[in-house]
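Student: I am new to this structure and would like to get to know it step by step. Could we look at it together?
Tutor: Gladly! Have the sequence and the model in view, and we will start with a pair of helices.

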Amino acid sequence: RRPGLQSRVSRSVGGSSLDMVSAHKALAVSLLLCLLAGPTLAASNGTVTPDHKEDLHPEAKASADAFIYTCGIIGVCFAGFLFFIVSRISLRGSESGDTESLLSTSRASDDELEAIYETIRAGARAFLWAEYQICFIFIACFSLVIFALVSHTNGPEGSTWDFDAGGLTAVTFVVGGLTSILSGFIGMMVAVYANARTAVSAKKEGEAGWMASFNAAFRAGGVMGFSLCAISMVVLYVLAVLYRSHFSVIDDKGKTWVNYKMLFECLAGYGLGGSAIAMFGRVGGGIFTKAADVGADLSGKVIGVGDGKKLDEDSPFNPACIADNVGDNVGDVAGMGSDLFGSFGEASCAAMLIGASSAAIAEAGWGALVFPLYISAFGILVCLGVSFVATDVYPVKKEEDIENVLKVQLFLTSVGMTVVLFPLAYGALPASIDLGATTGVTPLMCYVAVVSGLWGGCLIGFITELYTSHSYTPVRDVALSAETGAATNIIYGLALGYQSCILPVIIIAVIIFLSLKTSGMYGVALAALGMLANLSTCLTIDVYGPISDNAGGIAEMVEFPSSVRDKTDALDAAGNTTAAIGKGFAIGSAALVSLALFGAFITRASASMAEDKSLATAGVNLLSPIVFGSLVFGAMVPYWFSALTMKSVGQAANAMVKEVARQWAEIPGLCDSAGLDFHERQEARANGQVLVKPDYQACIEIATKASLREMIAPGILVICTPIIVGSFLGVQAVAGLLAGSVASSVQLAISMSNTGGAWDNAKKYTEKGELNGMFQFRDGSSIPLEDFRIAAEANHGNDAIKQYGATKGGKQEEVDIKDWLSELASKDPQRYIRILTGDEGIKTTDGRTCVYAGKKSAIHSAVVVGDTVGDPLKDTSGPALNIVMKLMAIISVVFADFFMSINGGNGLFNMGDIGA
């Protein structure tokens, strides 16, 4: 019965005729099939085995149903409400509050804005559909692998076949994969829908512009945050309820017994499906976005169009700019959504699987078993209430408010969850819980485990901000190091990344010790869920960043006035920092989730061993040759994976730069159009001259083909490694493999993400002009270097190098450096180039002579090189390492019984000593 259901679901997602909407349809079909199978999954008379537990509290299920479904509906409805508010923002620049400079050219700008907006939407949709076609094929094929291998289990009399377990696990895998696809798709579609609306909102003057643009991006992020959490929770719970009915038996006395162990083992496929799709989303999307980003940066800011003229990466005459903006959505939004969905699914499944091994939790009823889902449900409600603080109670009114408002969101949601979790733990969990070797666990201990994860994640986020925000010294030091070129900038950035690992790793270690000491592996799983408790808010902030980045790109391409770009740049800079904070959360939660899954793997494998010799009781012997050797091998896997993804980005970016150079060389008039500044282009348009635009589609195709081709090898590496090791070397080797990969991945992911984030914001700090006045020009001046530095600390930035412009009324007045340089470029281009290259100094308002260090300067080129090196670190390899450790662990959990069926868990080569 179960295999037939599984095969129908597989076929429903494997057809080649599906369009983009089929992601939704396939999910609906899979859930509908599960619901239709409800009567066949219902409890029936049968044999009660030792794994069955009596359902002593049938009323608990009704309470759980009501609460979880209600919270899910509230989350989805609130996401719809946020989308409705965002949709009311018109793309036409005719709203009150628009600047006069915009209204004068409103019609042309709005037409171009809509054209660019539609191009980005089409590009993102086309890439996702191409990627998801591969994912659909993978889901269909790998579900058959799961069905075949999971059905081969280890019974009391040796290896046997259990097609029921294999079929049900395959179904949860299919549903998990489709839900992950839907999560990424919703986020991406909302992000590309909101980017132009955020740019339009920034057209308003003063506080109204800051508030409107921030709220547009923040609310759009909330659409994904709340919909993803609600949908993933409800889908998982629906599967749990259906499988509960299937694994129930009614005895001769009318009592109901449930095999919770088998229920939650089969449910583990849900997390596997989510993580497998996240792997493709993170790697494929990451390669796409960084190939385009690096290509756009190098082409425009470093290489330029000749005669010393440089372009911004978002210049409409940079052929890679549209691909760059498309990539922000498919990598940073769709990939992140699938990633954190996988974390939620895996942490929940691990906690429920480990909890089901405790007789006390099983006897306490359904409410105690689904306590992990209660945490997520309460998280939706708390995050919903706190979200109004950012948009209504304490809104953004100026640039300085942005980071503070976002940090307040993280802090308040953590406080709120700390309060509600205490009564929740005491109300849902039994007074005393025995978890294998850990006995006497109380609800207070479980509460401490959850809260340690919650606040540990918050601390990791704020520490990440310290190392990635240009508001603090570390990033500013990286920017200052560019005075002597790109090499020192890269050295400083690498050192920062390594240093930034220290505190987060110590925090993770303390969380693991506290939770493991007090509550065993169940506590570790709860700590992971605690770190994900405010996932709705974390996702909201994560998606806010790419939306703001896209809004800035659109404002640049449409050539909105600088006041609009100043707002979107500030939103984007804060988004870079919050994205780094989100990556810190994701890495920390991935480490805890992986350890929880490690515990679930040990628990599941030990069920087939003698109790006194099981791994759960005796532990994993680190000095065992097979364990230690596998541990060292496992520590290498993240580096192998990173090598593949980094090289893929490099190859794709190389092709992108060559394509941009080809277009500038071969498309008549493109270089000339690109070389004009803003005012020259306005004058040319006024004279009726048609400016030549590049071929954006060619760059999008390069990024798409490269990402889809290059994501296969890293995916095969991660998916196949634990299966091969477990099949040939046994479960002890898998235990070593997982331990090594987690320990290595955490350090590597933190250093990669923070190094890239620091380089990115060092570039933003430089582009704001904050380095102007900081570097002494060597002109034989008698000012000692130390005195120069003291003066520079007190007077730096664009205001420090204002120049004297045209005479009015017999007096010269100060002119902003940007306007002065723009005028100089047309009057004296040779001097303009000398100033940009640092061959001529520029006077500060306090009389010093300094090196110009703003946009398009030699120093700016140095920080751009650092930023481009960091792009694949922070947005491709680093984030994908989260999935490396999680996916390897969840695969081990799902296939644990299969591993145990081969020579009693010692593998085909009989390398272990289980049972000896």
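Tutor: Helix H16 (residues 473-480) and helix H17 (residues 486-499) have axes that come within 8 Å and cross at roughly 160°. That makes the two helices, H16 and H17, roughly antiparallel. Please keep in mind as we go that this is a predicted model.

Student: Which hand does the crossing of H16 and H17 have, left-handed or right-handed?
Tutor: Start from the two axes, which come within 8 Å of each other. The crossing of H16 and H17 is right-handed.

Student: How are H15 and H18 directed relative to each other, roughly parallel or roughly antiparallel?
Tutor: The axes of helix H15 (residues 443-468) and helix H18 (residues 502-531) come within 8 Å and cross at roughly 155°. Angles over 145 degrees count as roughly antiparallel. Therefore H15 and H18 are roughly antiparallel.

Student: And which hand does the crossing of H15 and H18 have?
Tutor: Here the axes cross at roughly 155°. The crossing of H15 and H18 is left-handed.

Student: Now for single residues. Why does Thr645 count as buried?
Tutor: Find Thr645 in helix H22 (residues 625-666). Buried means a relative accessible area under 20%. Thr645 counts as buried because its relative accessible area is 0%.

Student: Which backbone oxygen does the side chain of Thr645 reach?
Tutor: First set apart the contacts of Thr645 beyond four places in sequence, which are Val283, Pro714, Thr876 and Ser877. The backbone oxygen that the Thr645 side chain reaches, at 3.1 Å, belongs to Ser642.

Student: What does Ser213 touch, not counting residues up to four places away in sequence?
Tutor: Ser213 has its place in helix H8 (residues 206-246). With 0% relative accessibility, Ser213 counts as buried. The residues that Ser213 touches are Thr198, Ser201, Ala202 and Leu571.

Student: How many Å apart in space are Ala703 and Ala655, C-alpha to C-alpha?
Tutor: Ala703 sits in helix H25 (residues 696-710) and is buried, with a relative accessible area of 0%. Apart from neighbours within four places in sequence, Ala703 is in contact with Phe288 and Met656. Ala703 and Ala655 are 48 residues apart in sequence, and their C-alpha distance is 8.8 Å.

Student: Is Ala356 buried or exposed?
Tutor: Ala356 lies in helix H10 (residues 321-356). Its contacts beyond four places in sequence are Tyr260, Lys261, Phe264 and Leu369. The C-alpha atoms of Ala356 and Glu265 are 91 residues apart along the chain and separated by 9.6 Å. Since its relative accessibility is 8%, Ala356 counts as buried.

Key. Residues are numbered from 1 along each chain as its sequence is written. This is a predicted model: local features need pLDDT of at least 70, side-chain atom pairs count only at pLDDT 80 or more; totals for chains, interfaces and linings use all residues. Side-chain values use heavy atoms; hydrogens and water are left out. Helices (H or I, at least four residues) and strands (E, at least two) are DSSP runs, numbered from the N terminus. Buried means under 20% relative accessible area, exposed over 50%, partly exposed in between (1.4 Å probe, protein chains only). A polar contact is a pair of N or O atoms within 3.5 Å; within protein, one must be able to donate a hydrogen and the other to accept it, and residues adjacent in sequence count only if both atoms are side-chain atoms. Contact means heavy atoms within 4.5 Å. Axes are lines fitted to C-alpha atoms, for helices over the stretch in contact, and angles run from 0 to 180 degrees between N-to-C directions. Angles under 35 degrees count as roughly parallel, over 145 as roughly antiparallel, 65 to 115 as roughly perpendicular and the rest as oblique. A crossing is left-handed if the near helix is turned anticlockwise from the far one by less than a right angle, and right-handed if clockwise.
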